[in-house]
Amino acid sequence: MNAFTLLLVPSLASALLALLVRPYRRVVGWVNGVLSLVAVGGAIDLWARVLSGEVPVAGDLLRADALSALLALCVSGVAALAAWLGPGVGADDDYDPAQARTFRIFANLFAATMLFAVTTDNVGFMWVAIEATTITSAMLIPLHASRASVEASWKYILIGSVGIALAFAGTVIAYFDFVSLAGRDRLALNWTVLRDAAPALNPQVMQLAFVFILVGYGTKAGLAPMHTWLPDAHSEAPAALSAMMSGVLLAVAMYAVVRWQAVAQVTIGPGFAEDFIVLLGLLSLAIGALSLWSQRNYKRLLAYSSIEHTGLICIGLALGPLGVFAAMLHLLNHSVAKSMMFLLAGRVLHRYRTAEIGGVSGLLRVMPWTGGLFAAGMLAVIGLPPFGMFVSEFALVRAGFAAGRPVVIGLVLALLAIGFVGVIAHLNRMLYGPVPTGVAVGEGSGWALVPLACCAVFLMVLGLTVPAPIDGLLVRIAEIVAP
Amino acid sequence: MDTLFAQLVVLESSLALLFGLGMLWRRGVPAYISAFLWQSLVLAAVAATVGYFGRERELYLVAALLVVVKALAIPWLLRDMERRFASERELAPYVNTATSLVLAGLLVLFAYAIMRPVVAASQLPTRTGLPLAMGLVLVSLFVVMSRKKALTQVVGFLMLENGIALLAILGTYGIPLIVELGVFLDALMGFLVMQIFVYRIHETFDTIDVDQLDRLRH
Amino acid sequence: MVAWAVDAVQGLVALVLAPGVVGLVRWLKARLQSRRGAPPWQPYRELRKLFAKEVVVSTNASWLFRIAPYVVFASTTAATFLVPFLAVPRPLDAVGDLLVLVYLLLLATVFLALAGLDPGSAFGGMGSSREMTVAALAEPTIALAIFALALSAGSTNLGQIVARTLADPATALSPGHLLAFAALFVVMLAENGRLPVDNPATHLELTMIHEAMVLEYSGRYLALVEWAAALKLLVFFSLLGNLFVPWGVAVALTPGALAVAAGSVVVKFVLLAVGIAVFETRVAKLRLFRVPELLSVSFVLALLAVTSSFLAR
Amino acid sequence: MAAALSPNLTSAVFLVMVAGYLLGAVGSLAAASPAVTRSLTAAGALVGAAAGLGLAGMVLVVGAPFAVTVPELLSPGGGLALRLDALGAFFLLLIGVGALPAALYGVGYTRAYAGRYSLRWLGAMLNLFLLTMSLVVLADNVLTFLLMWEAMSLTSYFLVMTEHDGADTAAAGGWYLAMTHAGLALILTALVMLIPPGPGSTFAELRLTVATLSPTTRSVVFTLAVLGFGSKAGLVPLHVWLPRAHPAAPSHVSALMSGVMVKLGVYGVLRFALDLLGEGPVWWGGLLIALGAASALLGVLYALMEDDLKRLLAYSTVENVGLVFIGVGAGLLFAALDHEASAVLALAAALYHALNHTAFKSLLFLGAGAVLHATGNRNLNELGGLIQRMPWTAACFLVGALAIGGLPPLNGFVSEWLLFQSLLPAIASSAPLVPPLMTLAVGALALTAGLAAASFVKAFGIGFLALPRSAGAAAAHEAPASMRVAMTALAGLCALFGVGAVVIVPRLAEMLRGYDGLTGQPAPLAEGLSLALPGAFGGMSPPLVAMGLVLAVAGVWLAVRLGGDRRLRRGDTWGCGRIGQTARMEYTSTAYAEPLRRVFAELYRPTEDLTVDVHPESRYFVQSIAYRSEILPWFERYLYTPLLRGVDAWAARAQAIQSGSAHRYLAYLVIALLALLAITLARSG
């Protein structure tokens with residue numbers, strides 16, 4: 001019963017359960033929810049162990065340091081949200097039992113692969129797990145068979161697979177670098193081994209490897225210009241899935257980039273990796289922010305906002321230890337805020353039947369609580385004070401100046417301002433204004449809002465202070481990534 | 001001894017690259033499938049050669065897997081799909097054949113340039129094949145990018161995986177077995193999912209021309 | 001204690017003298033236009049008549065219309081008390097300086113403008129709008145003229161300016177002073193509704209500025225407003241007279257010096273009245289939208305006055 | 001005495017303030033009926049504001065120290081650090097002066113909101129707005145300041161959006177939040193540039209690092225701060241949001257925003273110029289004076305042309321902020337030229353005008369709110385005759401109008417007099433280029449004063465006097481008690497601040513001691529009842545002037561009452577013999593401003609269209625005349641529209657990337673890979 005069983009087993013079990021047990025749909029739904037909470041418990045236990053200084057290891061396959069603990073918590077948390085608020089649980093959502101069963105199977109597999117990716121020590125298996133996430137999530141995008149969702153899923157699987165293949169090429173080249181130095185070794189692909197051998201590795205080869213890895217995992221993280229699959233996939237997928245994808249899949253891909261950055265920084269020395277990371281980060285921030293400006297579909301608006309914030313996190317990684325602290329805090333904030341927003345967008349879509357911003361007005365009057373949380377989430381996403389993003393953006397700007405990159409920070413602030421103005425104009429139109437005809441007023445299934453309200457409160461807490469356990473975790477991550 | 005081993009490996013790698021270039025030249029889908037089949041066989045041969053000369057027992061297992069999965073199973077599935085959509089000949093690709101072959105040549109040259117430090121750092125006899133492997137990777141990227149039909153894009157993607165496998169075998173005499181198996185399983189699963197999607201595209205759009213898939217804009 | 005007494009007397013004398021000065025100007029203009037004209041003390045008769053007449057107030061007007069004359073008269077009187085007629089330095093200097101004086105006159109103008117609007121007649125609105133336009137455009141000229149004087153005198157206190165100019169007469173002829181005098185002369189014409197800007201004797205409602213605002217007043221209210229207008233003219237006369245040509249103003253509070261001062265003040269007022277009368281008979285009324293050009297000329301004069309005074313330092 | 005007031009007393013008052021506001025916010029959210037909500041909102045705000053005033057008084061009058069740090073909160077920024085120094089205390093006082101009447105006023109004003117808008121949300125946001133404003137002046141480290149600053153903007157955005165079904169409220173809200181966020185980006189950069197490499201970022205540490213910074217960096221920081229805080233204060237050209245946002249908010253919120261929030265922009269600039277950045281070059285003062293003069297002049301010129309009462313008041317806020325910045329600029333200029341006494345005078349004049357503006361602008365906005373509450377209309381062309389129907393509101397509005405017009409004996413006159421006097425020694429200074437700049441500044445100041453008087457004669461005259469021009473105005477009724485009490489209190493304050501200048505101004509000068517090299521021997525600014533200025537440039541005694549005026553009016557009234565005739569008869573207004581005076585014969589506000597529109601035609605570039613439709617039978621009988629005149633919005637057309645169009649172009653280009661073709665997407669990926677590989681190749685050489 002090592003630290004990882006509580007984390008990995010529940011999602012696999014519920015996937016299996018959903019696969020085998022076709023009748024008793026409601027019971028399976030409840031068991032699925034409970035198991036997802038067990039996974040969250042496992043993540044918290046892992047977190048507590050890491051905080052107490054221990055580095056839990058299971059054979060030479062699984063290893064969890066601070067970075068893994070943070071990601072594990074994010075993934076399991078969002079997976080639990082998706083389990084409780086996804087298709088097949090609410091009475092009136094528009095998914096038939098078969099679709100709900102498919103969702104439950106693949107969503108749990110999706111969560112399992114992500115958890116495995118962040119807790120494995122072997123970079124090879126990390127690649128296999130992330131490739132598996134592509135496969136499992138691709139199956140769910142066309143849950144509602146429509147021309148748009150098929151198109152979105154095809155582009156997702158094609159671009160995702162091509163991108164991830166390049167990452168494997170990078171992994172192979174890095175492994176070659178190790179082999180040509182210390183000969184073949186069974187544990188060569190373990191991250192700890194690679195990191196210890198890093199100073200002696202050949203810098204030019206590692207540069208080549210890191211380029212492939214950055215482009216590969218960058219595609220999965222939605223960094224520009226490899227981001228093109230993201231808006232289509234997130235706007236066509238079911239709300240719960242896009243919450244998981246936008247919230248944590250991008251974070252897991254960034255986790256892979258961070259792992260390799262830690263190795264590459266030591267081998268190649270400062271400057272090389274940071275410059276490329278800042279370049280791609282700025283590009284994604286620019287494309288994300290500018291696309292928010294005249295966007296007409298609110299789910300795509302949230303998708304582009306994910307691209308923008310992933311770009312921000314990416315820039316943070318290149319700004320030294322302070323930057324990594326800010327980036328990881330921003331990653332945590334973004335996961336919580338974006339998954340909450342997509343789930344709320346799902347409710348709005350269910351009520352208004354249209355994803356067009358023009359079609360939604362008087363949201364505060366139609367669904368006061370959902371509207372209020374939607375507004376709070378939107379304000380959190382654009383970095384307004386009571387919420388955590390403001391503090392992490394401040395820390396990022398401060399790290400930027402400390403790392404001596406004022407021009408980059410100037411660009412970042414300008415682009416964030418553009419994104420801010422874009423979102424505000426749309427938010428105004430959605431929240432206020434007359435109630436459109438044929439839209440029922442009233443909250444509907446209210447209990448689903450409780451977890452989302454908890455997310456909003458968590459964001460507000462992160463806005464006012466960074467609690468000691470999270471602060472401790474983030475400081476440890478900064479030590480790992482940028483010693 | 002090593003010179004024979006090195007020459008044999010370079011011969012087989014260049015054969016694999018030639019089959020990749022063959023895809024750019026031919027127009028019909030059956031030709032694509034047969035090119036992929038032969039390429040997988042050559043790749044299995046490379047694995048066996050390195051296994052024999054480099055005394056790596058595991059590579060024999062890899063070679064066997066390559067033959068069974070990539071030379072037999074996948075081409076059979078591909079032919080089955082091809083029969084289903086026989087009516088759709090591959091339309092003129094985005095780039096006409098002459099320019100795409102010139103571009104492929106340039107990509108191989110570029111591969112040589114970027115692999116120079118890798119070849120320098122490697123002491124293995126198979127190091128001369130590495131640029132060819134990278135060339136195959138870049139060419140297959142170009143193929144995926146420029147084909148119009150979903151089916152041909154899938155074959156291009158499979159060719160990309162072959163290129164990377166070749167790179168792995170030449171560079172490191174094969175990555176640790178467990179990981180190799182995981183990669184193989186992923187490749188297979190990926191192909192199956194793509195296959196499902198091709199069928200679904202055919203159902204909803206009743207064509208597999210990816211150009212029709214452009215409704216999701218800005 | 002004597003100083004306070006002299007100040008009070010000064011103020012009261014000015015109060016009494018004001019209608020006479022206006023009567024003198026009208027009489028001189030009549031003579032220049034070869035008319036017999038009413039005698040200079042005619043305004044006193046008008047005031048006595050008006051104080052005895054019954055007041056007719058418009059039905060639309062509110063309480064503001066009825067207290068406005070008192071405020072206008074009071075603020076103009078306060079301004080008069082600040083101006084040094086006979087002796088310098090004066091205890092009232094500590095109470096207010098040249099800026100305060102200007103603002104008191106602006107207070108009177110504002111209340112008059114509001115009273116013009118209250119009855120709701122088109123003429124009152126027109127007069128009030130034009131009066132406020134002229135007053136607003138005259139402000140910068142007054143401020144810069146005051147600053148020109150203050151720079152050479154080292155303070156905006158009226159008493160100090162007169163004393164300093166008395167101390168070294170050379171400054172009186174300095175370019176700063178002369179330009180400031182010219183600027184203030186134009187402002188006087190604008191503020192008091194004299195000819196080039198506004199015709200005090202006109203009966204055509206559409207051409208009036210000052211008269212249009214007081215069209216609705218009658219009886220004792222009209223008396224107060226007319227008297228206040230006369231006082232305002234006197235204040236400007238004394239500004240032009242004593243600040244720029246201070247000779248004769250008593251420095252010591254001896255009866256002899258005061259007598260000389262009184263004499264010199266009367267002479268200055270007569271001279272200024274003649275100057276105004278001659279100027280008004282020679283010049284025709286400007287079209288309303290040429291008045292801002294006149295005021296911008298005076299602004300440039302004041303600007304040059306200030307620049308010459310700080311260049312000369 | 002300072003030692004007697006131990007720190008925990010000030011902390012206690014601070015806690016009462018925070019508790020008051022928070023309970024007000026929570027109470028109004030939780031309250032059941034609208035009436036309870038309104039009273040709880042007011043109660044919370046009143047307690048909080050009173051405690052704020054108390055705290056400010058303790059720090060200002062007695063100099064009791066107040067500083068508290070909560071390390072757990074806002075840990076990335078070094079904890080929540082609060083400290084109240086003299087400068088902060090003055091602005092806290094200012095917040096109290098603005099908040100008390102506004103809170104009381106809100107009780108009566110928001111009764112009409114019961115059905116249409118959410119009273120709970122309005123009450124909560126009002127209390128949080130006041131709390132965050134108070135904490136902005138208390139903040140003592142970078143993150144606390146930025147957090148409270150942006151929270152203030154957010155809460156005020158929600159207040160602006162209260163009447164969300166208003167025609168242009170959404171646009172106003174959008175403009176407002178966009179501009180303040182842009183301002184925040186500038187302030188964030190300015191502050192972060194001063195943060196030392198170490199972990200802490202309190203203002204004390206910032207002051208230490210400033211010594212190590214090069215003059216150019218300090219100038220860059222200063223310019224960023226002026227632009228950032230200038231956008232909140234409404235300095236031209238960053239003022240465009242102010243005439244949109246303030247009128248859209250409920251009137252007591254507009255009073256708070258115009259009267260108080262705008263001053264925090266001034267506080268920000270002062271915190272940088274006086275406290276953080278230390279001694280600066282001459283051009284810093286020059287820049288502020290230039291911006292101030294431009295804002296003053298353009299603000300009043302646009303106020304003149306406004307027919308909407310609240311927009312007129314908003315533009316006049318831009319003007320008065322310009323006046324304050326002229327004073328601040330003059331202060332900085334003198335500090336750079338080492339004329340200590342003049343520097344203190346100019347800064348004291350600026351702060352005094354800021355305080356006065358809070359009093360009379362809040363009064364005017366509350367008055368406008370009462371008019372809107374009674375007639376449902378803000379357009380001056382449809383008001384009139386309110387002095388008979390709303391005598392109390394009219395009287396208070398008149399006091400406010402006279403004060404803002406700078407007329408004796410009220411506070412506006414005294415602060416304008418002080419501003420003139422503080423600019424005078426500059427003209428006499430020997431530094432190059434300063435005298436001509438100052439002369440133009442004095443010219444601009446004087447023209448602004450004149451035009452302000454004209455615009456408020458128009459506002460009061462057309463708005464309140466003569467006959468009502470619409471049914472709404474005719475049916476007007478006096479404002480409820482709470483609104484009247486608030487307005488009367490503010491009117492009293494206007495008179496009190498005017499007469500009390502003799503006490504207030506020296507206290508302000510005393511308070512500025514110790515900032516940025518102003519530590520010289522303090523020259524007393526007041527002797528006995530009159531303000532005596534250093535270098536004896538001029539003297540004036542506000543109490544005596546006021547007393548003189550009152551005595552004169554009473555004396556004249558008595559004299560006429562005793563001597564002359566007392567008969568009075570009502571009759572028709574003279575209309576050249578035409579019987580039956582109607583409201584349509586009165587001057588409208590557009591007509592009133594027409595002469596000045598013609599005079600400043602170069603700036604306004606008015607476009608006039610006159611449509612006369614004639615009686616069908618004969619050409620000579622006119623049925624109706626419609627006259628519309630538009631003035632050219634310079635800033636919107638030549639500064640903001642091109643900016644927005646530029647961003648639109650870039651946004652279109654960014655969206656062209658998502659063209660829908662899978663092949664192009666793959667091409668982007670491959671090109672990115674090849675590009676990065678090429679760069680690696682080039683760099684490794």
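Visitor: What makes strand S7 of chain D hardly covered?

Guide: In this predicted model, a residue is called buried if 20 or more other C-beta atoms lie within 10 Å of its own, exposed if 12 or fewer, and partly exposed in between, with C-beta atoms placed from the backbone. Strand S7 of chain D covers residues 607–614, and the count of buried residues among its eight residues is zero. By that definition, S7(D) is therefore hardly covered.

Visitor: What is the pattern of chain B along the sequence?

Guide: Chain B reads α-α-α-α-α-α-α-α, with eight helices and zero strands. Helices (H or I, at least four residues) and strands (E, at least two) are DSSP runs, numbered from the N terminus.

Visitor: Why does the radius of gyration of chain B agree with a compact globule?

Guide: The radius is taken over C-alpha atoms, and the globule rule is 2.2 Å times the number of residues to the power 0.38. For 218 residues a compact globule would have a value near 17 Å; chain B has 18 Å, which agrees. The C-alpha trace of chain B spans about 55 × 35 × 30 Å along its principal axes, and buried residues make up 50% of the chain.

Visitor: Which elements of chain B give two or more residues to the side that touches chain A?

Guide: Residues are in contact if their C-beta atoms, placed from the backbone, lie within 7 Å. Chain B gives 37 residues to the contact and chain A gives 40. The elements of chain B are helices H5 (116–121), H6 (130–146), H7 (150–172) and H8 (177–205). H8(B) supplies the largest share, 13 residues.

Visitor: How do you know that chain A and chain C do not touch?

Guide: Their nearest C-alpha atoms are 41 Å apart. Chain B and chain C do not touch either, with nearest C-alpha atoms 56 Å apart. Among the four pairs of chains that touch, chains C and D have the most contacts.

Visitor: How are residues and chains labelled, and which pLDDT limits apply?

Guide: Residues are numbered from 1 along each chain as its sequence is written, while chains are lettered from A and ligands numbered from 1 in the order in which they are written. In this predicted model, local features need pLDDT of at least 70 and side-chain atom pairs count only at pLDDT 80 or more, whereas totals for chains, interfaces and linings use all residues.

Notes: Two residues are in contact if their C-beta atoms, placed from the backbone, lie within 7 Å.
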